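User: I would like to learn how to read a model like this one. Please show it and take me through a few features.

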Amino acid sequence: KQRELEEIRDLPARTLDGCTVSLLANIGLLSDLRVAHLHGAEGVGLYRTEFPFMTRSSFPTRQVQAVVYRKVLEGFPGLPVNIRTLDIGGDKELSYFPHPREDNPFLGWRSMRLSLDREEILREQLAAVLIASVGGRCNLMFPMISGVDEVRRIKGILEQVKEDLLREGKAFAPDIGLGVMVELPAAVLGAEMLVKEVDYLSIGTNDLIQYTLACDRNNPLVRKWYDPYHPAVLHSIKKVADAATAAGKPASLCGEMAGEPINALLLMGLGLRSFSLSAPSIPRVKEAVRRITLEKAQLVAERVLAMESAQSIRSFLEATQRELG
Ligand code: PEP
Ligand code: MG
């Protein structure tokens, strides 16, 4: 097992007809960095910053945050590290930040909405990321975005924070890329507008499936309705990939969905070239990518997009998987 892992670790995720995809890791804890390297991650596609907040008993200061972020950046020198701003609320709470009771927490005060309403939390985090940014190739990613108004407001705040740091004589990387997570149907429908505001899009299918199908991602009673193969989900992904391509900017996908080899094939066929996944899934996905052609992936995607039923799509993909061996 270890030998197999080592053999594939340094090989590119390239199809038989020469199309290369990037396979990056989703991480939360600093210990995930080692796991990511072990499995051949080509950077961090999603660093969930909730963890340094959840493991403390009060809000970490910008200095404390900067130390953690810098460690993540230094964990992948020269490779992209996408730091996502705080994504609490919904099912993630901080013990020291009492959250109001909400009837619909996932439709409520969570993620970017909370960060924007408690602007000092966002400012401190942006300052921390900027201070850490000199330690590597840093990108900043914003979760739960519904439209350009939020993005413009965040960019305004980021500019102010940069000015403050410059005044204090603090250095930061001049080329931090900005990305929007596409997790809401509104962001899918507005993808063409959103992509103009930023450098890249990153599709968060865990939430996108939940919101597209109005189906709580943690509720076992509705598990069977939470379906990545629902045509609405797949057409959404296609639309986002097309919007990014038309704008000449990259789109990646960082939901759990990318961890299944057959899904990676389908997603490549839909036009995506970059995935971020739980690190232990990287070798299996890479192996699958190396055994197919882009042409085949595109044929599969074309067939799938023409299907109207999630069940038919699932059966077709299972059959394709068997055929590929
Ligand atoms: C997602 O929603 O797909 C995602 C990657 O973010 P999280 O799972 O942290 O909500
Ligand atoms: Mg999400």
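User: Which residues of helix H13 (residues 282-290) are buried?

Analyst: A residue is buried if 20 or more other C-beta atoms, placed from the backbone, lie within 10 Å of its own. Helices are DSSP runs (H or I, at least four residues), strands likewise (E, at least two), numbered from the N terminus. In H13 the buried residues are Ile282, Pro283, Val285, Lys286, Ala288 and Val289. They pack against helices H1 (2-9) and H12 (261-269) and strands S1 (22-27) and S8 (274-278). This is a predicted model, where local features need pLDDT of at least 70, side-chain atom pairs count only at pLDDT 80 or more, and totals for chains, interfaces and linings use all residues. Residues are numbered from 1 along each chain as its sequence is written, while chains are lettered from A and ligands numbered from 1 in the order in which they are written.

User: What does the protein chain average in pLDDT?

Analyst: pLDDT is the predictor's confidence in each residue, from 0 to 100. The chain averages 96, and 100% of the residues score at least 70.

User: Which residues does Val180 contact, leaving aside its neighbours within four places in sequence?

Analyst: Contact means C-beta atoms, placed from the backbone, within 7 Å. For Val180 the partners are Phe142, Ile145, Val151, Ala187, Leu194, Val198 and Leu201.

User: Which residues are around ligand 1?

Analyst: A residue counts if its C-beta atom, placed from the backbone, lies within 6 Å of the ligand. Here they are Leu46, Arg48, Asp87, Glu183, Gly204, Thr205, Asn206, Asp207, Cys254 and Gly255. Strand S2 (44-48) and helix H10 (205-212) each give two or more residues, and H10 gives the most, with 3.

Conventions: Two residues are in contact if their C-beta atoms, placed from the backbone, lie within 7 Å. A residue is buried if 20 or more other C-beta atoms lie within 10 Å of its own, exposed if 12 or fewer, and partly exposed in between; C-beta atoms are placed from the backbone.
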